[in-house]
Number of protein chains: 8
Amino acid sequence: MDQQEVKAILNQVAAGSLSTEDALLKLKLAPFEELDIATLDMHRGVRQGASEVIYGAGKTPEQIDIIAHRLWESGQKTVLITRMKESAAEAFTKDIPFTYYREGRIGLVGSMIPPRTKGYILVATGGTSDIPVAEEAALTAQIMGNHVERIYDVGVAGIHRLLAHTETIMRARVIIAIAGMEGALASVIGGLADCPVIAVPTSVGYGTALGGVTALLSMLNSCASGVSVVNIDNGFGAGYLASLINNMEGEKE
Amino acid sequence: MDQQEVKAILNQVAAGSLSTEDALLKLKLAPFEELDIATLDMHRGVRQGASEVIYGAGKTPEQIDIIAHRLWESGQKTVLITRMKESAAEAFTKDIPFTYYREGRIGLVGSMIPPRTKGYILVATGGTSDIPVAEEAALTAQIMGNHVERIYDVGVAGIHRLLAHTETIMRARVIIAIAGMEGALASVIGGLADCPVIAVPTSVGYGTALGGVTALLSMLNSCASGVSVVNIDNGFGAGYLASLINNMEGEKE
Amino acid sequence: MDQQEVKAILNQVAAGSLSTEDALLKLKLAPFEELDIATLDMHRGVRQGASEVIYGAGKTPEQIDIIAHRLWESGQKTVLITRMKESAAEAFTKDIPFTYYREGRIGLVGSMIPPRTKGYILVATGGTSDIPVAEEAALTAQIMGNHVERIYDVGVAGIHRLLAHTETIMRARVIIAIAGMEGALASVIGGLADCPVIAVPTSVGYGTALGGVTALLSMLNSCASGVSVVNIDNGFGAGYLASLINNMEGEKE
Amino acid sequence: MDQQEVKAILNQVAAGSLSTEDALLKLKLAPFEELDIATLDMHRGVRQGASEVIYGAGKTPEQIDIIAHRLWESGQKTVLITRMKESAAEAFTKDIPFTYYREGRIGLVGSMIPPRTKGYILVATGGTSDIPVAEEAALTAQIMGNHVERIYDVGVAGIHRLLAHTETIMRARVIIAIAGMEGALASVIGGLADCPVIAVPTSVGYGTALGGVTALLSMLNSCASGVSVVNIDNGFGAGYLASLINNMEGEKE
Amino acid sequence: MDQQEVKAILNQVAAGSLSTEDALLKLKLAPFEELDIATLDMHRGVRQGASEVIYGAGKTPEQIDIIAHRLWESGQKTVLITRMKESAAEAFTKDIPFTYYREGRIGLVGSMIPPRTKGYILVATGGTSDIPVAEEAALTAQIMGNHVERIYDVGVAGIHRLLAHTETIMRARVIIAIAGMEGALASVIGGLADCPVIAVPTSVGYGTALGGVTALLSMLNSCASGVSVVNIDNGFGAGYLASLINNMEGEKE
Amino acid sequence: MDQQEVKAILNQVAAGSLSTEDALLKLKLAPFEELDIATLDMHRGVRQGASEVIYGAGKTPEQIDIIAHRLWESGQKTVLITRMKESAAEAFTKDIPFTYYREGRIGLVGSMIPPRTKGYILVATGGTSDIPVAEEAALTAQIMGNHVERIYDVGVAGIHRLLAHTETIMRARVIIAIAGMEGALASVIGGLADCPVIAVPTSVGYGTALGGVTALLSMLNSCASGVSVVNIDNGFGAGYLASLINNMEGEKE
Amino acid sequence: MDQQEVKAILNQVAAGSLSTEDALLKLKLAPFEELDIATLDMHRGVRQGASEVIYGAGKTPEQIDIIAHRLWESGQKTVLITRMKESAAEAFTKDIPFTYYREGRIGLVGSMIPPRTKGYILVATGGTSDIPVAEEAALTAQIMGNHVERIYDVGVAGIHRLLAHTETIMRARVIIAIAGMEGALASVIGGLADCPVIAVPTSVGYGTALGGVTALLSMLNSCASGVSVVNIDNGFGAGYLASLINNMEGEKE
Amino acid sequence: MDQQEVKAILNQVAAGSLSTEDALLKLKLAPFEELDIATLDMHRGVRQGASEVIYGAGKTPEQIDIIAHRLWESGQKTVLITRMKESAAEAFTKDIPFTYYREGRIGLVGSMIPPRTKGYILVATGGTSDIPVAEEAALTAQIMGNHVERIYDVGVAGIHRLLAHTETIMRARVIIAIAGMEGALASVIGGLADCPVIAVPTSVGYGTALGGVTALLSMLNSCASGVSVVNIDNGFGAGYLASLINNMEGEKE
């Protein structure tokens, strides 16, 4: 039952051709969701800003091309394509504004949303092998309208490299701590910082690294407060969440 | 927004004191679910029959007592209490019809629903230790209105014990196959029967039985078709599902 | 010992050339199963209908070709080939009626069995990547003689997309809920529907999706009643079981 | 080297009895951390507000009593004691302001910090068994200065119960979604809300619930964006993190 | 259909009161298994010797008492009760010959079967904590009619203790190697011996011993040939299998 | 210290140039093992018969070629090469007697050892995909001097196929039961047979078959007595062990 | 063959009553190990110093009492009893020098071995709950003759607490890093120190701490060099190994 | 704040233009780490000797080339490149001294550090497939300045092969025991030796070898004292740690 149908019922009630009891029955029996989906969607559109996301893994270059163009044509100002292979980027029809970020495997249709806060999201990695995940996180946050600082390869085995960035850590509004192997980076950063820390385990490592499960378990058991965790290698999820938090509207009582 | 409020809006439209546009807006903005929950619940009530279920584990005897009495007083004819400890049954206020089935750890307020089909659900176990789970399943099915046949302790290690019941197996409308340890019962029964087989792994066994995980994995990998699986020791779930299937209305084109 | 041999023994007894004791011994020693296998097989043939299934994985195109032709020549009206690669379909000798359904990786020799009920089996997926498994399930059910409805890509993250199909869900006779990642679709559908729900976890996802194990565990722990689970990616098993249930003959007492 | 020693060095420099070169050398060689710990701690004190936390599990009532009193005497206005057993609460020396919240197993010395924002943190649970964890989360957030809304027992198996709270969900600034068993609540809430969602798996369930691991895996694989996860049963961690996020200072460019 | 019924049919055929056709039909329709169970069981009885086994775990002292007495009264010369608690042994009605072996938790009704071979089964353990499992194995083998040698506490950490028994190891007909922790005993014994080695992992150990899983995995991966494995702590199974092997009838061509 | 050195010491003692005390000391200090290895090896050679085994996996064709030739040249009558790729067989220098068994991936240098017993080892598989492992087992046993019977594709889902071979099962001296997926074959055969059953899980299956772990766990938990288990896909180990058991010399007291 | 027998053979050779050839044969055939065990044991005695160890877990107070007294009476100067319950310590017959260390659950018969090096072993823990394991390690090392420094409760969540001990860390000869939960302490200490670090995971934590497995995995994946790991809660093993390393004799070329 | 800034503050104090209180405050507020990192690094440089390590896995040949050349040019005398592919070695610009060790996948720029002790590190493997890991360990130790002895393919299944090396084992200063499959080598060697044993599990094996996890678990549960474990296949880590231990400076009190 769409809005036209509801309106028709209401009109019948107004015209006296339908009793309120019958109208109530009709509305009661109507599949409840049809009425509200549009509303719901509109709300989401308004709140989440202009960014749409295409999850590129498991989609053909053609599929990505078509979906991205449709979104652009429907007025979307910013379309983020994650896990986009270089070959898909090369095959992309470049008749609309398109940028490809190789390291983060991210395609951008349109332009980045300008930052709305002065503060920054800090993206830190334990090693150089974690950088692709980090770039996915960092670019997601930048595209969604955030300043981003990066400090890469500051694993805890050389704790002084990390401590050299203490001030940058302490001044961040949100931190994304990315590490494979033993994932201790999240705990140490969580101990230094007072802001929310989003930990991203990566599949970097071998043997008992178990494809990221060890880092994940380690991060979930962080003895530092303020740390939460997303799925292994989920840079996009961390960047998206960090953007949500960074853009919280302060509202003091 | 409950039905009274919707009715009020419709009355205003009927009286001409509210335009159809404004009524539509009010309805659109109303949290969509309030309108439909009653409907939904009524539908469920009608379809699922008169049975209500209380999951007894983790509830105090007092909580069970109160909830069961309320349901009875609200007109519920059959209330099924699962995982009910003997002490809770003893403490139950017996001013309403109440029966306790010790082996299946099930309490029944009111009376069993009479069977609606002539066929039966077969409940089979691999060993005697599986019987509590089997009784939970069997009683659930009986209370919900089904004939139930039981063949217990027919594990595959003595395949002839099981084969002695071939005819009972072949004539069942639905079979619940319950086994711990290696869980092979489900596969063998699945190979003999043509009807749906619901496999229930139990936590019976030691060492690599892994608390039922081995039986579960075994059942999920059954090479027989027509077998599906529920959670470890979930006799209630199997009985409930078997009842749903057994009461399917046949409707030939 | 086949029936001729049993008859020979009986004839000897009738003729007095064999004592009843010796006859008993002969029968006792006879491998007990030979007597009954034919019966058993005939029963299965009668009950399961005309469909035979070839599990294509791990078979060469030649093997599939030969087996399918033999079954067809022996009078089988419908032969279902699952997990059939496109290359095997291309190499198939097309001198008998053959159709290949690419997305579901299913080959069909002969024709679909006409539906015997008016109701339908609903096949729902959480995402688009689950569609190959869904098509395996849907086509299996169709070939075995069922109406099938499909609602794909209605994952719970956009719950409104799913709720838009509430009526289709509520009217289904059996539902196959297919999802990877966190597998929550089965629980939500299980909560909306009153009919049996067969949950199929898929290997879609990455990291802690653990190749489908997470979805499997989630589905086994569904808080909704009426849900059972089959092996990861086992579309065929779900379709087969759904057909069994959908074709239950209603028999009211 | 503590501050007195640094001051002594500086005094020697001021008095001319130590050259700047020698002073620099002394400072350089000093273990770097002694100089800065106080600073660091002061910073943390300033930023995190007046709340101190005692992790009660594994501590004797006497230990808790002593630590809490010392913190209070050192000027701490609010001391939060988590995982505090009722017996420890009863044994607590009540010569300082003390409140015990039984359901959340939380002891409070001093008073709650008044909320600094008008918005609220929403704490939702799938079942009633999840409430102890939920109360730990909710009380932690309240004590740290936040408005908290609670909606309990809104598991996805009865999706309409959850949808009845759509507006409350949509208006929250941060949501803590708490569930055991299959943990689907986090995904559904994540799909409805635009704010950060902190998912807390609980050890509620049996069999393949695996003591909370299934809910955890499910939540990590949530197909909804904006969801992150903390350790099983870690209500405190979720409440603490939610408070950090809710108290973000909005700072538009 | 038991043998009496079959005989009756045959008698009718012999008497001419039943045609061979009708007799064939009756036999064909008879559930096939009823004919053969007695046969099957008798065969097993003959081959396996006079021993019957009661699995005592999960049975009440009363149940054990009743079953054991019935078996004795039905002519069983030797009844083996495994996992029998001391309390059950004390409560046992001693009006029939009964011996209780505390360390192996085994009860024996009747007398041990005299050994039929001159050779011996060797039972070896890695540590003293493995002895209860070892005694279960050793006594099972002794009761079933085998000479048994024991060498306990010869773990590989003190390899010389084990090597001191090289001759005993080399002369054994079958070896049961029992160990917890890292389970290396099976590999080392397997490397020294030429006979079949049955490895029994035990739940001895802590931490990553994982309740016997580590020893199990280790034994399954033994680089020595001739080693096979039974379930964790399954002393009975090992003793039973060792007896089967030791009593193999040599039959040279 | 080799035998020459020991002999030299003894000669010195015989000549009176070395006291018995000093000789004892020298022998005591000598690394104990050098003296005995030859003995040990000779013993093994005598007992195990003329067969040598080369584990082909992870060896280059050249390495296999060289080792096999050396063994042949040193007088070995039978050399068994397991996990030998077809390419390695093709590259093998055929100047010595060589046979390649493709399905079992086994190469044989020299000739099979003639069977020493009249009885047979039975090799049974659940499905056709298990045949490579089965052939590895069967050929190993044949090469080591055993009669072997094969019954393949008799999985428990069609229990009648298996029961058709009851007599063959009951007459076997040793049975190797090979199955993937749920591995129930071992339990059913174990329940039918009185002889030792060696269960071999295979990596056949998908999803929760977990690469053979499910079959392994299932087999370890077999409720049938007399069953033991070897590593996943370890056909050679099963064949070797079966041969050891089948060639046990019967020795009645 | 013990030393007396070897001596007898040598005497016969010396007396000319046994040829050297025959003597060689006798020695060759003698089970090799009997000759050398004493030697081996004596060697171990000499090298490992005067300490003997009794693993107290799973032993009765009486057993511990007897073994400890026997070792003392046979001249052992230092007997270390690990995992000794307080009740066993109370029941210990105090007629020989005995000290009980409650926190480390260690009993000491005789006296500590005086340290042989000036340097120290550092024992560090992440939290206060790790102290029992730490004391087991520290006391083991002290009893075996080492100086030990302790820094407890220096988990990485408050990295400054750990850094305050940088000098103590850098000057240690061996470090034992003990932590539960996420076990990051080992990595951070490993990054600061140049000496061997022995990491001990503890079973401290809840939920995904998995009884110490998370800390174990984390430590095995430490990105710092020089770190190795022992079993969960294995304080004794770490202390023993640290003592071995600390007492290495320096031997420059 | 770098050293110039500290010097400036000190100069101001010396000049009387800054009070000691203000100077203290300035120093206290300075980010603590900047002052000390250089110091820290210098310390590490001095202590660890001249060797630098490049982890070659996941780096392109170009990256390895550049980093190695930079380290050489900055005065590094020995640069160790681990997990270096043969192709990377071939592509390496050979204008500086470079050696490639194929079996251990190690590249060496410059020359090995001459051994500083007379004793040796023993590297032992269970099988020939473990040799690549063993060579990584052995070469790492050699390059860092140690004598290394190798005994390969001495798995416990042929315990005599291992015992033939008893003296070599007993005389080693540190032992690296490397094994896949069941990993029993570490326990047996640990039982023979008195020195520290570093166990390295390898991913050699199939089925339940679980990619090295079985060997790892086995080694962690070694019943021998003095054994610790590193990550699966981590030859470098073992060689590095062994070198640290072997180069301990003996310092008797």
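A residue counts as buried when its relative accessible area is under 20%, and as exposed when that value is over 50%. The model described here is predicted. On this scale F:F92, at 3% relative accessibility, is buried.

**Aromatic pairs**

- Over all chains, a search of the whole structure finds 16 aromatic pairs.
- One of them joins D:F92 and D:F98 in a stacked arrangement, with 4.2 Å from centre to centre and 15° between the planes.
- In chain F, the rings of F:F92 and F:F98 are likewise stacked, at 4.2 Å centre to centre and with 15° between the planes.
- A pair of aromatic rings is described by the distance of the centres and the angle of the planes.

- F:F98 counts as buried because its relative accessibility is 17%, a value under the 20% limit.

**Charges over rings**

- A:R83 lies over the face of C:Y206, 4.7 Å from the ring centre.
- The charged end of G:R83 is placed over the ring of E:Y206, at 4.7 Å from its centre.

**Helix 10 of chain B**

- Helix 10 of chain B covers residues 213-220, and seven of its eight residues are buried, so the helix is largely enclosed by the rest of the structure.
- The buried residues of this helix include B:T214, B:A215, B:L216 and B:L217.
- B:S218, B:M219 and B:L220 in helix 10 are buried too.

Key
Residues numbered from 1 in each chain as written. Chains lettered and ligands numbered in written order. Predicted model: local features only at pLDDT ≥ 70, side-chain atom pairs only at ≥ 80, totals over all residues. Heavy atoms only, no water. Buried < 20%, exposed > 50% of the residue type's maximum accessible area, 1.4 Å probe, protein only. Helix = DSSP H or I, 4+ residues; strand = E, 2+ residues; numbered from the N terminus. Phe/Tyr/Trp six-rings, centres within 6.5 Å; stacked < 30°, edge-to-face > 60°. Lys NZ or Arg CZ within 6 Å of the ring centre and 35° of its normal.
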